[in-house]
Amino acid sequence: MTISGIFPKARMRRLRGSETMRRLVEETSLRAGNLIYPLFVAHGKNLKREIDTMPGQFHFSVDRLVEEAAAVKDLGIPAILLFGLPESKDAKASGAWAEDGIVQRAARAVKDQVKGLLVITDVCLCGYTDHGHCGVIRDRDVDNDATLDLLARTALSQVRAGADMVAPSDMMDGRIGAIRTALDEEGFIQTPILSYAAKYASSFYGPFREAADSAPRFGDRRSYQMDPPNVLEAIREVELDIGEGADIVMVKPAMPYLDVIRRIRERFSVPVAAYQVSGEYSMIVAAAERGWIDRPRAIMESLLAIRRAGAGIILTYFAKEAAGLMAR
Ligand code: PBG
């Protein structure tokens with residue numbers, strides 16, 4: 001590349017003079033069509049209960065979830081991601097794979113009543129086990145291979161209930177292959193898998209664990225989720241997941257891991273998603289509540305940064321608000 005027109009011929013400010021000019025030269029864009037909205041579904045009727053640690057986000061009963069899903073669709077957001085709060089928990093996470101589990105019921109209702117909205121379901125056991133870990137426990141550690149069967153069952157029951165795509169977030173080795181095989185054997189060869197491929201053991205999930213009541217009762221998730229210093233390992237995780245049949249790969253969290261998003265975008269040819277997680281959401285909400293940052297600008301800047309890093313798809317609790325801001 002050659003340097004043309006050094007100062008004063010070159011003046012970078014010429015293209016920054018007006019909003020219209022800035023939009024003309026913008027390099028990254030964000031549309032509602034890039035966003036996925038995570039939602040929490042709980043038992044009960046006519047329930048819309050605000051989550052303490054995530055102001056502006058709610059637990060919905062199935063009836064109220066359907067209303068919310070319709071509103072999401074009307075904003076031009078193509079997909080929701082469902083997390084469930086079961087009525088009871090046990091050692092083998094029965095609520096996760098029950099045919100009439102809370103997520104299965106929600107998926108059926110939304111698919112039935114809101115046409116044209118994609119329903120993605122989170123595949124994990126942590127919200128359904130009495131110990132709060134993402135798999136079956138043996139000798140105080142998560143037994144990888146014993147967990148695969150339950151994850152496959154969970155995914156299958158969700159797809160049977162109508163889920164358009166499943167999103168495994170457990171970080172067990174081999175789970176994409178196990179889920180792919182289970183779906184294919186039942187004839188669901190066209191149902192894609194969105195893999196939480198590079199999911200880090202992050203402090204930024206704090207608010208979510210209260211929202212989903214999924215905090216581990218002992219220990220932590222560092223024996224299965226990724227160690228924050230590593231990026232080559234993320235590449236390997238993605239490589240393995242694609243090999244096992246992942247259709248879309250995700251990096252999570254998003255903003256503290258923009259470099260990981262970029263590396264994966266450049267290296268692989270599958271769609272890349274990034275999850276702006278609960279802690280990223282609640283930090284912006286809390287700082288804006290105190291008047292320390294401008295909420296709409298911080299939201300749009302954070303989402304654009306994630307797009308600029310290379311994520312085609314963003315999962316964000318700000319999806320509705322951002323779609324509203326874009327429409328202005
Ligand atoms: C379940 C799961 C978690 C999140 C998504 N799926 C929590 C965790 O791994 O502890 C986090 C989402 C968020 O923080 O917004 N395994």
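Buried means a relative accessible area under 20%. Keep that cut-off at hand for the exercises below, which explore a predicted model.

**Exercise 1. Is alanine 182 buried or exposed, and what is its relative accessible area?**

Start by placing the residue: alanine 182 belongs to helix H6. Next, take its relative accessible area, which is 13%. The cut-off for buried is under 20%, so alanine 182, at 13%, is buried.

Now look at what surrounds this residue. Neighbours within four places in sequence are set aside, and alanine 182 then has contacts with Ala152 and Leu156. Alanine 152 is 30 residues away in sequence, yet the two C-alpha atoms are 6.0 Å apart in space.

**Exercise 2. Which side chain joins arginine 175 in a polar contact of 3.2 Å?**

First find arginine 175 in the model: it sits in helix H6, which covers residues 175–185. Then check its accessibility: the value is 1%, so arginine 175 counts as buried. Go on to its touching residues, leaving out those up to four places away in sequence; among them are Leu148, Leu151, Pro168, Asp170, Tyr196 and Glu244. The partner you are looking for is aspartate 170, whose side chain makes the 3.2 Å polar contact with the side chain of arginine 175.

**Exercise 3. At what angle do helix H9 and helix H11 pack, and how far apart are their axes?**

Two numbers describe a pair of packed helices: the angle between the axes and the distance between them. Select residues 258–267 for H9 and 295–309 for H11; the angle is about 35° and the axes lie 8 Å apart. Then pick out the residues that make the contact. H9 supplies Leu258, Ile261 and Arg262, while H11 supplies Ala305, Ile306, Arg308 and Ala309. Sorted by class, this contact has five nonpolar and two charged residues, with no polar ones.

**Exercise 4. How many cavities of 30 Å³ or more are there, and what lines them?**

Begin with the count, which is two. The largest cavity has a volume of about 150 Å³. Its lining is made of 18 residues, and Lys199, Tyr205, Phe208, Ser214 and Lys252 are the ones nearest its centre. By class, the lining of the largest cavity holds nine nonpolar, four polar and five charged residues.

Turn to the second largest cavity, with about 100 Å³ of space. Residues lining this cavity include Phe83, Asp122, Cys124, Tyr128, Phe208 and Ser214. Strand E4 (79–85) and strand E5 (118–123) are the elements that each give two or more residues to this lining. Its classes come to seven nonpolar, three polar and one charged.

Methods
Residues numbered from 1 in each chain as written. Predicted model: local features only at pLDDT ≥ 70, side-chain atom pairs only at ≥ 80, totals over all residues. Heavy atoms only, no water. 1 Å grid on protein atoms, 1.4 Å probe; cavity = no way out; pocket = protein on both sides within 12 Å on 5 of 7 lines; lining within 4 Å. Points joined across faces, edges and corners; volume = space filled by probe spheres on them. Nonpolar A, V, L, I, M, F, W, Y, C, P; charged D, E, K, R; others polar. Helix = DSSP H or I, 4+ residues; strand = E, 2+ residues; numbered from the N terminus. Axes fitted to C-alpha atoms, helices over the stretch in contact; angles between N-to-C directions. Contact = heavy atoms within 4.5 Å. Buried < 20%, exposed > 50% of the residue type's maximum accessible area, 1.4 Å probe, protein only. Polar contact = N/O pair within 3.5 Å; in protein donor to acceptor, adjacent residues only side chain to side chain.
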